[in-house]
Amino acid sequence: MRTSQPTRRQVLRAGAASAAMLAAPAVLHAQTSTLKITTWGGKWGEIMKGKVLPAFEKEFKCAVEADQAFPYLPKLQASPRTDPIYDVLHSNSNELWQAVELGMVERKITTKEVPNIADVYPYAVSDKIVGVSIFTSAIGLGLRTDKGLAPPTSWNDLAAQALAGQRGGYLVPVNALGQAHLMMLGKIHGTGFEDLDAAYKALAALKPIKLFDFTGQMEKALLSGEVIMGVIHDSGIFRYDGQNQPIEFAAPKEGVLALEQVLNVTPGSKVKELAFAYIDYMLRPSVQKELAEGVWYSPSNKTVKLDAKYDAKLFNTEAKVAQLLQVPWQWYNARKDEIDARVQRILKG
Amino acid sequence: MRRKVGFGAVAYWGLNAAILFFLLSPIAIVSVFAVNPTPYIAFPPVGFTFAWFAKFFANPDFVHALWLSLKVAVAVLVLSMLIGATAAMALARGELPGRRALTAFFMSPLMLPAILTGLALFQIYLLAGIGRPVWGLVMGHTVIAVPYVIRTTLAVLANFDRRLEEAAALLGAGPVRVFFEVTLPLIRPGVIAGGIFAFIVSFDQFPVSLFLVVPKGETLPVVLFNYMKFDLDGAIAAASMVSIALALGVVILLEWIIGLRAYLKF
């Protein structure tokens, strides 16, 4: 019986096939990497889930697991550092500062990891930011236009006697806008954001004031007329554009406070490259435009061209961006418990 | 002869009316909000609409969360009735050493803040490398729900006339037959009442679920909480009404299938 000897070519082909089979799990793994992120709900969540994330998954051949269920930080804190529950943390700046203090996110992101950072406004990567701010809203004053009020020009206008019981603010211990507003009071009435005594005094002068947990509640209070002037971010007012609602946003002359949407990567992420690619993707002009016009957030990327009505209102030029004030969250977080206790006493009743 | 209405009777009915008003007024407010066309709470209502219900049912996140909550609550109901009833039997009849300590141990999930239970389970699951599966969520809810079944079953067992079991045994019934034909029918009202509590506790559970749900696998209370942070409109009220109707429906269904009336007679 004759047995045929395998040729050199057959051996090589078989070897290549075996290698491919052995490597298959790794290739499969690379193709089905899962990126775990946090993201907001509401209209933002709709756009993310409907368009932005599916396009990212398709382009990067991965799956994205987007957590919209708060609280993000305790969950991240409770998960192992070497295998964190999130690869990318999206939150506001105050929370990112807490995260970095706990060693749960990177301190800085550079153009080396995220090339599109080269095109962002300086505020997006300033020393007040941990990671990169992909969007910002401007915290100012919202008002009813049907109550005979003159549009406010200063933060001090919120303290007007005529607004007693009809002005709105936030529960400072739980809301970043309330915390930023408190620091703003210190800046206006004292020596700076860190002048707490001046801030407490100015806060007490706002009583009686209606306090809310979330900005969504403030929006509804303005819509219903329960509050006729209140602290709110511009997107919370602009989102009702075209709905014939009697509300308006005013930017006080002392400046508006930046409410940054910050992204950062967790040090223990198993898919760090993908995580940085996601941040880079979120800074792409096309993605920035889609989200900015969907939720009225000001894009961080300088090269984004917005449609006229968004261009007129959002903070998307060097001159407009210069009005944004960034508060010292690291300083605030270090004193948060003490501030919470004092504010509770001031606003009691 | 005309019956004189005394001060005591007036105070009694007045107090009852006040309690009822206190308990039902939130539901009344929510139901008004659910059919009012304005996207905020306004009273008096300015019209009538089912648009918020349409929005609720058109949102796949809401509908998916509703079904998940329902499935989890049914699983918790069954598990907690099984575990709770057997644990109660052992505690009442088993003459176990440290019975009091064991009872306190079984009741302890009710004494701990549920958010801590959720956080602890979340950490255990992650450390064990099992992630956050739906069965993990069911187990978390069951831990919270079992004490209700134990408590209601123990209450029935405390007044249980054991001579009925002895009579059955004397007439020749084996232990298994005694359990299924005498003991179980008599403790059934307590087990069912506990089971209903378990269902409601699971269906409305928020603090434990907060840590144990996964993206695209959130229960209704978690979805509602997150929705409320960004869109506080009538869809929330519509969701609450659907939730109340569903919970009520399950209680009525249980009454129809198993006979809750027996408990009411008890």
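How far apart are the centres of domain 1 of chain B and domain 2 of chain B, taken over C-alpha atoms? The answer is 30 Å. Welcome to this predicted model, in which chain A and chain B touch each other.

**Confidence in chain A**
- Chain A has a mean pLDDT of 91, and 91% of its residues reach 70 or more.
- A stretch to treat with care is residues 16-30 of chain A, where the pLDDT is below 50. Beyond near neighbours in sequence, residues 16-30 of chain A have 0 contacts in the model.
- Where pLDDT is low, the predicted coordinates should not be read in detail.

**The two domains of chain A**
- Chain A is assigned two domains, each written as two segments: domain 1 covers 31-136 + 259-318, and domain 2 covers 138-257 + 330-347.
- Between the C-alpha centres of these domains of chain A there are 26 Å.
- Where they meet, domain 1 of chain A contributes 11 residues and domain 2 of chain A contributes 14.
- On the domain 1 side of this contact in chain A, helix α4 (residues 93-101) gives the largest share, with 4 residues.

**Where chain A meets chain B**
- The contact between the chains draws 20 residues from chain A and 21 residues from chain B.
- In chain A, three elements each supply at least two residues to the side touching chain B: β2 (63-67), α3 (72-78) and α7 (215-224).
- Of the elements of chain A, α7(A) gives the most to this side, namely 5 residues.
- Sorted by class, the side of chain A that touches chain B holds 9 nonpolar, 7 polar and 4 charged residues.

**The build of chain B**
- Chain B contains 12 helices and 0 strands.
- Along its principal axes, the C-alpha trace of chain B spans about 75 × 70 × 30 Å.
- The domains of chain B are domain 1 (1-49) and domain 2 (52-265). Each of these domains of chain B brings 8 residues to their contact.
- On the domain 1 side of that contact in chain B there are 5 nonpolar and 3 polar residues, with no charged ones.

**Helices α1 and α11 of chain B**
- Helix α1 (residues 7-35) of chain B packs on helix α11 (residues 234-257) of chain B at an angle of about 125°, with the axes 8 Å apart.
- α1(B) and α11(B) are therefore oblique to each other, and α1(B) passes α11(B) in a left-handed crossing.
- The meeting residues include I27(B), V30(B) and F33(B) from α1(B), and A237(B), M241(B) and I244(B) from α11(B).
- By class, the contact of α1(B) with α11(B) has 8 nonpolar, 3 polar and no charged residues.

**Helices α4 and α6 of chain B**
- Helix α4 (residues 99-111) of chain B and helix α6 (residues 134-158) of chain B have axes that come within 8 Å and cross at roughly 125°.
- That angle makes α4(B) oblique to α6(B), and the crossing of α4(B) past α6(B) is left-handed.
- From α4(B), the residues F106(B), M107(B), P109(B) and L110(B) meet V143(B), I144(B), V146(B), P147(B) and I150(B) of α6(B).
- The contact of α4(B) with α6(B) has 9 nonpolar residues, with no polar and no charged ones.

Key: Residues are numbered from 1 along each chain as its sequence is written. Chains are lettered from A and ligands numbered from 1 in the order in which they are written. This is a predicted model: local features need pLDDT of at least 70, side-chain atom pairs count only at pLDDT 80 or more; totals for chains, interfaces and linings use all residues. Domain bounds come from an automatic or database domain assignment. Two residues are in contact if their C-beta atoms, placed from the backbone, lie within 7 Å. Ala, Val, Leu, Ile, Met, Phe, Trp, Tyr, Cys and Pro count as nonpolar, Asp, Glu, Lys and Arg as charged, and the others, Gly among them, as polar. pLDDT is the predictor's confidence in each residue, from 0 to 100. Axes are lines fitted to C-alpha atoms, for helices over the stretch in contact, and angles run from 0 to 180 degrees between N-to-C directions. Angles under 35 degrees count as roughly parallel, over 145 as roughly antiparallel, 65 to 115 as roughly perpendicular and the rest as oblique. A crossing is left-handed if the near helix is turned anticlockwise from the far one by less than a right angle, and right-handed if clockwise.
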